[in-house]
Structure formats: structure tokens, C-alpha cells
Amino acid sequence: MAALLLAGCASMAPPYATPALPVAGRYATDIPTDGTSAAATGWRDYFSEPALQSLIAQALANNRDLRTAVLRVDEARAAYGIQRADAYPSLAAQAGATRSRTPADLSFTGKPLLGSQYQVGLGMASWEIDFWGRVRSLQDAALQNYLATDAARQAATVALVAQVANSYFALRELDERIALAQQTTTSRAESLRIFQRRVAAGATSRLNLTQVETLFTQAQALAVQLQQARASQMHALTLLVGAPGDVESTAGSPGVALELRAGLPSDLLLLRPDIRAAEHQLLAANANIGAARAAFFPRVALTSSWGTASAELDGLFAGGSQAWSFAPSISLPIFDAGRRSNNLALTETRRDMELAQYDKAVQSAFRDVSDALSARRWLTEQTAIAQTTLATQTERARLSQMRFDNGAAAYLDVLDAQRDLLAAQQQLVQTRYALLASRVGLYAALGGGALESTTFTEHSTP
């Protein structure tokens, strides 16, 4: 009978349809039509450098923010289990014994009476028969909250992988810039030594020496600044990884080997875990409306018990000792000062708020992908320009030095050329790593590895 009653319960939640896409149907930047799916590509396949793979693995095991996200999933799973239990009757074994004395002036016999009562049985507490789907709607809301929390855990995983990769590449960028600055410092220290000897021999002016000293101190200052930035970046990476340690130097330029297929904006609805989380929250708010609507209808509850009772302990299981009770109840508030109406209005407002959050999540995802695509395009061109600029500045510095050595130019020309050469070297390194960061950003924006980390579906039971 309970199964039939539950099967007949109809939800009063409003019908749900996926909201219309609040963005354009295509990205403004031209996108490649071939490549792999980011969501189906694991981070080990996308980031092939062993040192980076080790750091990401440590972060996934030790990062406290991700650990908190996992615990929130466990919390939501338990809350869903509690809510789901309300759909079923609660049975409990009961046993009791009562010994009482009635005074003579209260006894109908005029004498003191001693009485005993023993009982054993099964009891069912007040169980709501869910005719209007109130309990079912609350259960659906708890399930959607659980799914949203699990999707948020997946989003946190994707974000953490991207953060570790970006932090690692930023560290590698600083290492390369420090190496260039130190090479320049060494070269200019040698130039300073030569000019000091020239000044001592009267072969050049004191002004030229001060200019060489300026170049040397500028290179020194840049190297020290970059060392400070590296220490700060290392601390940030250690926090992400969640464990102390140092990053081993890896030869060669870091990179990613796979090209990603951006697809259409509508694909993000399935690939981005943060969008899925927002939609599950919207579904939960929609289910809460059904529970608020069902509160306007009568609530039917059932309480019952069955067992044996006797005035003597040895008579509990004797013939004729069977005892039972069956107590259905129905209640409907007549006046509640607008509580139910306001509760319904509250759930509808919260549903509208979740819809706005869902639209914002879609728009933010669209922007993330658009930014990453445009960054990849323009930074590719900037890298080529930076390479040409470096080649030009290298030749300019060489020619300026030759002209000075031959007495055809002042050392000020060499000073300017050396400054611009160092700036061009630093700029090329920064641009190359910015291009690399754009590829990391595209991987994260497309939900990189999200499908690989999906561990729960709507049809499984937590």
C-alpha cells in the first residue's frame, strides 16, 4: 500500500526547461575546427612535463581548498540521504514495563490497588503520506544540491590544475628572465672592469665609466627584483600544492602538445562543471517551489503500532495478548498570517535568483573561452614580433659597440642599445609564457578534464 501511495504522488513543482542561451551562437574569434576535446582530455595528457605532472598530482592530493570541496560533497550526500529517508516510514521496536499503585481514596474498590503492565511491539512514528509531492520535492531539491556540490568539486579540480600550471610556468618564466639578467650582469661587470682600466690608463673619459656603471647597476637591480618575484611565486605555488618543496629545474622550454577544439558556446552547457553546478542549483530551487505549493494542501500522516501487552510478564505471548493501534491524522492550517504565501513567494524569488546566476555562469564561461581564444591568436603574433625585435636589437647593440670601438659614435649610443636589448630579451620571454598561459586558460575555460573526473550521475544512488 505504501508503494502505491508513493507512486501516486505528483510533484507540484513547475515544469523545467533549460533556459535559452544568453550569449551569441558563435565565438567572435576564428576558432580551429580540429583538435581534441578539452573536457575529455586528462591533465596528464595535456601537460606532458614530468615536473609539472608531479606538482599537479601533489596539489590534487594536498590542496586544502580542494579537500574542503570534497568534504562539501560528502556533506551534501549525507543531507540528501537524510531527506530521502523522510519518504519512508520509520519503524522502531518498543518494549516497556509499568508498575503502579493507586491509593484507596482513588480506587473504585476503596482499597489500594497495585497494577502492572508489560508490552512488546513494533511502532511506526508519524509518517506523512505524500499525496501532493511535498516530501518528494524536498528530496529532489536535496538531490540537485548534492549534484551541484559534486559539479562544484569538479570545477574546483579544473581550476586547481590550471592554477598550478600557470604558477609553474610563471616560475619557469622568472627563471629564464633571471638567467638572462645574470648573463647581462656578468657581461657588464666585465665591461666595467675594462673601462676602469681604461680610465686608469687615461684611454677614456670618466663619463663613459659612469655610463658603464649605470648599465651594470641596472642589470644588478633587475636580477634582484626578479629573485624577489621568484621567491614570492614559489610561495604561491607551495600554497597551491599544499606541501613544502622545491621545483626542480627542467631543461628545454615547457609547453603543451595538444591542440584543443573550442566547439560552440552551447557545448559549454555540458562541458563546464560550474555551469552544470549552476543548473543543478536552479533545479533545486524549482523543486522547492513544488514543496511550497504542496504546503497549501492537507497533510496526511499515519501513526501505528502492533505487538503484545499483558498485566503479567509471562502473559506477553499468551493467546489473546495481541495489541495494536492505528491513528491516521489530517491537518490543514486555517490561519497562518501569510506564512505559506510568503514562503511560496520566497521560493519563487530564489528560483529567479538562481536563474540569474545560471545566466551569469554561462556568460562568464563564454567570456573565458573568448578571452583565451583571442589571447592565443594575438599573443602568437606578439611572439613573432618580439622575436624580430630581439634580432634587431641584438644587431643594433653589436653595431653600436663596433662604432664606439672605432671612435665613430659616443658611448651613449651603446648605452641605449644595451638597455633596449635587455628589455627585448625580457619581453620575448614574457610574451612566450603569456602565450603558454593562454593555452592553459583555454584548457580550463573549456572544462579541461571535467568529464574524466565525473564520478556521479543522476541515476546512481549515493
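Student: How do I read the largest pocket, and what is its volume?

Tutor: Rolling a probe the size of a water molecule over the atoms shows where empty space is left. In this predicted model, the volume of the largest pocket comes to about 300 Å³.

Student: Which residues are closest to the centre of the largest pocket?

Tutor: Thr 184, Ser 187, Arg 188, Ser 191 and Gln 418 are the closest to the centre, out of 18 residues that line the pocket. Two or more lining residues come from each of helix 5 (134-201), helix 6 (206-241), helix 9 (339-405) and helix 10 (411-445). Helix 5 gives the largest share, with nine residues.

Student: How do the lining residues of the largest pocket divide into nonpolar, polar and charged?

Tutor: Eight are nonpolar, seven are polar and three are charged.

Student: Helix 5 came up there. How far does helix 5 reach from its first C-alpha to its last?

Tutor: The general idea first. An α-helix has 3.6 residues a turn, so residues three or four places apart point the same way. As for length, helix 5 has 68 residues and reaches 98 Å between its first and last C-alpha, close to the 100 Å expected at 1.5 Å a residue.

Student: How does the span of helix 9 compare with what its residues should give, at 1.5 Å a residue?

Tutor: Helix 9 has 67 residues, which should span 99 Å; its end C-alpha atoms are 92 Å apart, and that agrees.

Student: How many residues has helix 8, and how many of them are buried?

Tutor: Helix 8 (residues 273-294) has 22 residues and reaches 32 Å end to end by C-alpha, close to the expected 32 Å. Helix 8 is mostly covered, since 17 of the 22 residues are buried.

Student: Where is Gly 407, and is Gly 407 buried or exposed?

Tutor: Gly 407 belongs to the loop between helix 9 and helix 10. Its relative accessibility is 63%, so Gly 407 counts as exposed. The C-alpha atoms of Gly 407 and Arg 134 are separated by 94 Å, and the two residues are 273 apart along the chain.

Student: Which residue other than glycine has a positive phi near 60 degrees?

Tutor: Ala 337 has that phi. Ala 337 lies in the loop between strand 4 (322-331) and helix 9. At 59% relative accessibility, Ala 337 counts as exposed, because the cut-off for that class is over 50%.

Student: What does the buried class look like, for instance at Ser 321?

Tutor: Buried means under 20% relative accessible area. Ser 321, at 8%, therefore counts as buried. Ser 321 lies in the loop between strand 3 (299-310) and strand 4. Ser 321 and Gly 307 are 14 residues apart along the chain, with 8.3 Å between their C-alpha atoms. Leu 435, in helix 10, is also buried, at 18%. The C-alpha atoms of Leu 435 and Phe 317, 118 residues apart along the chain, are separated by 83 Å.

Student: How many aromatic pairs does a search of the whole structure find?

Tutor: The search finds eight. A pair is read from the distance between ring centres and the angle between planes. For Phe 131 and Trp 132 the centres are 6.3 Å apart and the planes are at 55 degrees, so this pair is tilted. Phe 131 is partly exposed at 35% relative accessible area, and Trp 132 is partly exposed at 33%.

Student: Which residues form an aromatic cluster?

Tutor: Tyr 46, Phe 47 and Tyr 443 form one cluster.

Student: Where does the charged end of Arg 198 sit?

Tutor: The charged end of Arg 198 is over the ring of Phe 195, 5.1 Å from the ring centre.

Terms used:
Residues are numbered from 1 along each chain as its sequence is written. This is a predicted model: local features need pLDDT of at least 70, side-chain atom pairs count only at pLDDT 80 or more; totals for chains, interfaces and linings use all residues. Side-chain values use heavy atoms; hydrogens and water are left out. On a 1 Å grid over the protein atoms alone, a cavity is a set of points where a 1.4 Å probe fits but cannot get out, and a pocket is an open set with protein on both sides within 12 Å along at least five of seven lines; lining residues have an atom within 4 Å of a point. Grid points are joined across faces, edges and corners, and a volume is the space filled by probe spheres set on the points. Helices (H or I, at least four residues) and strands (E, at least two) are DSSP runs, numbered from the N terminus. Ala, Val, Leu, Ile, Met, Phe, Trp, Tyr, Cys and Pro count as nonpolar, Asp, Glu, Lys and Arg as charged, and the others, Gly among them, as polar. Rings of Phe, Tyr and Trp (its six-membered ring) pair if their centres lie within 6.5 Å; planes under 30 degrees apart count as stacked, over 60 as edge-to-face and the rest as tilted. Buried means under 20% relative accessible area, exposed over 50%, partly exposed in between (1.4 Å probe, protein chains only). A charge sits over a ring if NZ of Lys or CZ of Arg is within 6 Å of the ring centre and within 35 degrees of the ring normal. The expected span of a helix is 1.5 Å times one less than its number of residues.
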